[in-house]
Amino acid sequence: MSRNIERISTGIPGLDELIEGGFVKDNAILVTGSAGTGKTIFSSQFIWEGLRNGENCMFITFEERPEKIKQEAMDFGWDLGKYEEKGQLILRQKDPFDTAEGDELFWFRSELEKHDVDRLVMDSTSILSLYYDDQYKVRENLFKIVKTIEEADVTAVLTTESPQGEELTRFGVEEYLVDGVIQLGILSLGESARSLAVRKMRRTNHGTKSHEMSITENGIVIE
Ligand SMILES: Nc1ncnc2c1ncn2[C@@H]1O[C@H](COP(=O)(O)OP(=O)(O)OP(=O)(O)O)[C@@H](O)[C@H]1O
Ligand SMILES: [Mg+2]
């Protein structure tokens, strides 16, 4: 069997080894987890890796202000602002209530093309449920986002909040639309142990067990 699959480094020490060397280039990966599990840090670390490798990157933040994203990244030594000034990073906050319905996807598609983006983050897609009052609309728009990512030749990390409990994602559809799902967790209350599990990764031979994860002064590390 000959498999010549181009992969890109995630930037998370210990993760590439679990997924045959990194994310398959141009795939869309969902990072899911409850509050405080490290989704935004994962996103910034993934972007930082791209910037260091000379890739064009785009970080769309739906919740936190860009200034906060930059400050938090800087805590780990990732100077996103430097690359934003150079034009290698586009960091935009999207207020879902700001524009007319449908408009936001057009904006995102044209920006990807204009800046020839290699690596994209959308943090967090859960906010779509506030934007659209019906579940069908949420699914339809997630589908459009994933389709746009596929067409744009961009490797993407989308984050989503997972409810406490068994379900991976809030709507129960996101995990089917994307190429990969990484689940972040906190192993048990009272202990500080964090976990990361690769739940799905198309074209990749991977295990599904939970790995211990820590957030160090250099960011996320998988033990
Ligand atoms: N410098 C640091 N060193 C160690 N741990 C940190 C540091 N900064 C943040 N953390 C941990 O990371 C958590 C925040 O991570 P992050 O913002 O990525 O979570 P999130 O999953 O995006 O949360 P939310 O759902 O609220 O957006 C904090 O609650 C804290 O436990
Ligand atoms: Mg977050």
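Which helix gives the most to the lining of the second largest pocket? Helix α1 (residues 39–52) does, with 3 residues. The model is predicted, so local features need pLDDT of at least 70 and side-chain atom pairs count only at pLDDT 80 or more, while totals for chains, interfaces and linings use all residues. Residues are numbered from 1 along each chain as its sequence is written, chains are lettered from A and ligands numbered from 1 in the order in which they are written, and side-chain values use heavy atoms, with hydrogens and water left out.

**Terms for secondary structure**
- Helices (H or I, at least four residues) and strands (E, at least two) are DSSP runs, numbered from the N terminus.
- Two strands pair if DSSP finds at least two bridges between them.

**The sheet**
- An open sheet of mixed pairing is formed by 9 strands, in the order β5-β4-β6-β7-β3-β8-β9-β10-β11.
- At the edges stand β5 (89–93) and β11 (219–222); each has a single partner strand, so one side of each is left without a neighbour in the sheet.
- On average, neighbouring strands of this sheet are turned by 20 degrees against each other, direction ignored; axes are lines fitted to C-alpha atoms, for helices over the stretch in contact, and angles run from 0 to 180 degrees between N-to-C directions.

**Strand β3 and its partners**
- Strand β3 (residues 28–33) pairs with β7 (residues 155–161) in the parallel sense over 6 bridges.
- Thr32 stands opposite Thr160 in β7, and Gly33 has Glu161 of β7 as its bridge partner.
- Helix α6 (residues 135–151) packs on the sheet, where it touches β3, β6 and β7 (contact: heavy atoms within 4.5 Å); the direction of α6 makes about 160 degrees with that of β7.
- Strand β3 also pairs with β8 in the parallel sense, over 4 bridges, and the partner of Ile29 in β8 is Gly180.
- Because 6 of the 6 residues of β3 are buried (under 20% relative accessible area, with exposed over 50% and partly exposed in between; 1.4 Å probe, protein chains only), this strand is largely enclosed by the rest of the structure.
- Ala28, Leu30 and Thr32 point one way from β3, whereas Ile29, Val31 and Gly33 point the other way.

**The second largest pocket**
- On a 1 Å grid over the protein atoms alone, a pocket is an open set of points where a 1.4 Å probe fits, with protein on both sides within 12 Å along at least five of seven lines; lining residues have an atom within 4 Å of a point.
- The pocket holds about 180 Å³ of space, a volume being the space filled by probe spheres set on the points, which are joined across faces, edges and corners.
- Among its lining residues are Gly36, Lys39, Thr40, Asp123, Ser124 and Glu161.
- The lining has 2 nonpolar, 5 polar and 5 charged residues; Ala, Val, Leu, Ile, Met, Phe, Trp, Tyr, Cys and Pro count as nonpolar, Asp, Glu, Lys and Arg as charged, and the others, Gly among them, as polar.

**Individual residues**
- Ser124 lies in the loop between β6 (119–123) and α5 and is buried, with a relative accessible area of 2%.
- Not counting residues up to four places away in sequence, Ser124 touches Phe62, Glu63, Thr159, Thr160 and Glu161.
- Leu128, in helix α5 (residues 128–131), is buried at 4% relative accessible area.
- Beyond its neighbours within four places in sequence, Leu128 is in contact with Val138, Leu142 and Ile145.
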